[in-house]
Amino acid sequence: IGDNPSAQQGWFGGWFSGDSMSGGGAMGTSVTRVEQIPFDGNRIFVSDDILNLDHLPRTLAIVGAGVIGLEYACIFAILGVRVTLIDMMPRLLPFVDSEIVDSLVYHLRQNRVTLRLGEEVAGIDPMDDERGERVRIHLGSGKQIVTEKALYSIGRTGATRSLNLPAIGVKADERGRIKVNSRYQTEARHIYAVGDVIGFPSLASTSGEQGRLAASHAFGAKSASFPDLFPYGIYTIPEISVVGPTEEELTTQGVPYEVGKAQYREIARGQIIGDHSGILKLLVHAEARTLLGVHIIGEGAAELVHIGQVLIGLGGDIDYLLNNTFNYPTLAECYRIAALDGAALPSRTTRVASRAGGIEGGLRQGDGTLLPARGGYFEARPAVFHLAGTSGQLYRRKCRSGKHSQKLQVDRGASR
């Protein structure tokens, strides 16, 4: 750009309009390196160096527990490497629902990953002793971690250093990121920037959509999008995907909500693929019954989340999930089970008694429809009533706000 010929090589993935004299770029990011860290690409390395490793280390410390650091921690742990994960934040993935994060932490520890959260790295030094070449990591708390190799993963920096941006009236911050407005225009309004170089959310999926919207605006073409509604796909083991707000965010905003969950182990497909720990979680507005958020951990989470994304984008309520049939056996069935599992309002269902004999009692909904107990369970809004035993059966209704749980005893000849 300008008089810097080398900068032209860094301006890639962009477009230029000769008629409107406007242009845009998506030059991406590069791995963030700190000058004080003695990177050698072998003992102390970044993610770009992983493919150059000639063997798997017995032990590995990963500095930075963001998305990239967590994904590599899972990969190396599954391969049998003893991983220590270090991060200065007190919890992992603060933008992900805490229950999903708790499940991920459980899996990490099952794979012998050691978590050092709330710890700041004061220094990293290569060392040699009778065990060979190793690395010593000094933590701000005074702890020391000795490991065979160290992966430094504290994020990425906008690839703008060589672009001579001031020549066109554009500035980048200390992380190389470019500030844009809602139309992805930079300070120089005829120059657009999209993708990782503008910062959050830094996803390949959203970057492509940003490019479409920016190009449409530059050429005067009409376009529409859901800029605040996009899914995250985090390829840890197990996989995580989320769309919409978390419980914590809804609580902070004062939004009344209900929760419905489905465990993969409840679904035939979950049993078939051997995923007994996956969870699909729905957050539903307690009054409007609209779907607010979907949070998933388990096999195929990044694919499964799109069903909920469409429903949220169209302003749909969970009656669609309750009243429709899903292919069997599929993980998509989790949506209906989660919707049945307490996601609707308790006020929509009332109990009735039956003296007809046998297990023929039921529940009467707000519209007067009687839902009989068939096949061992009630499929009723707002809850699932599971059968336990053959005589004196026990049914349980749970209010997913956690405030109360009721038990209904059903005897032969009566339903209470």
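Analyst: In strand β11, Leu 151 is the bridge partner of Ile 62, a pairing that belongs to strand β5 (residues 59-63), which runs parallel to β11 and is joined to it by four bridges. Leu 151 is also the bridge partner of Phe 45, and here the neighbour is strand β4 (residues 44-45), again parallel to β11 and joined to it by two bridges.

Residues are numbered from 1 along each chain as its sequence is written, and side-chain values use heavy atoms, with hydrogens and water left out.

Strand β11 itself spans residues 149-152 and is covered on both faces, with Lys 149 and Leu 151 buried on one side and Ala 150 and Tyr 152 buried on the other. In a regular strand the side chains alternate between the two faces of the sheet. Buried here means under 20% relative accessible area, exposed means over 50%, and partly exposed lies in between, with a 1.4 Å probe and protein chains only.

Around this strand, the chain holds eight helices and 26 strands, and 47% of its 416 residues are buried. Of the contacts in the chain with a separation of 6 or more, 54% are between residues 24 or more positions apart, a contact being heavy atoms within 4.5 Å. The accessible surface comes to about 21200 Å², and carbon and sulfur atoms account for 50% of it; such areas come from the Shrake-Rupley method with a 1.4 Å probe, and for residues only the protein chains shown count as cover.

Asn 164 counts as partly exposed because its relative accessibility is 29%. Tyr 184 is found in the loop between β12 and β13 as well, and its phi, near 70°, is likewise positive in a residue other than glycine; with 14% relative accessibility, however, Tyr 184 counts as buried.

Two cis peptide bonds also deserve mention. One joins Phe 200 and Pro 201, with omega about 5°, and Pro 201 lies in the loop between β13 (191-193) and α3 (204-218). Another joins Tyr 328 and Pro 329, with omega about -5°, and Pro 329 is found in the loop between α7 (319-322) and α8 (333-340).

As for confidence, the chain averages a pLDDT of 80, and 75% of the residues score at least 70, pLDDT being the predictor's confidence in each residue, from 0 to 100. Over residues 1-13 the pLDDT is below 50, although this stretch has 22 contacts in the model beyond near neighbours in sequence. Residues 15-20 also have a pLDDT below 50, and their stretch has 15 contacts beyond near neighbours in sequence. Where pLDDT is low, the predicted coordinates should not be read in detail.

Technical notes:
Two strands pair if DSSP finds at least two bridges between them.
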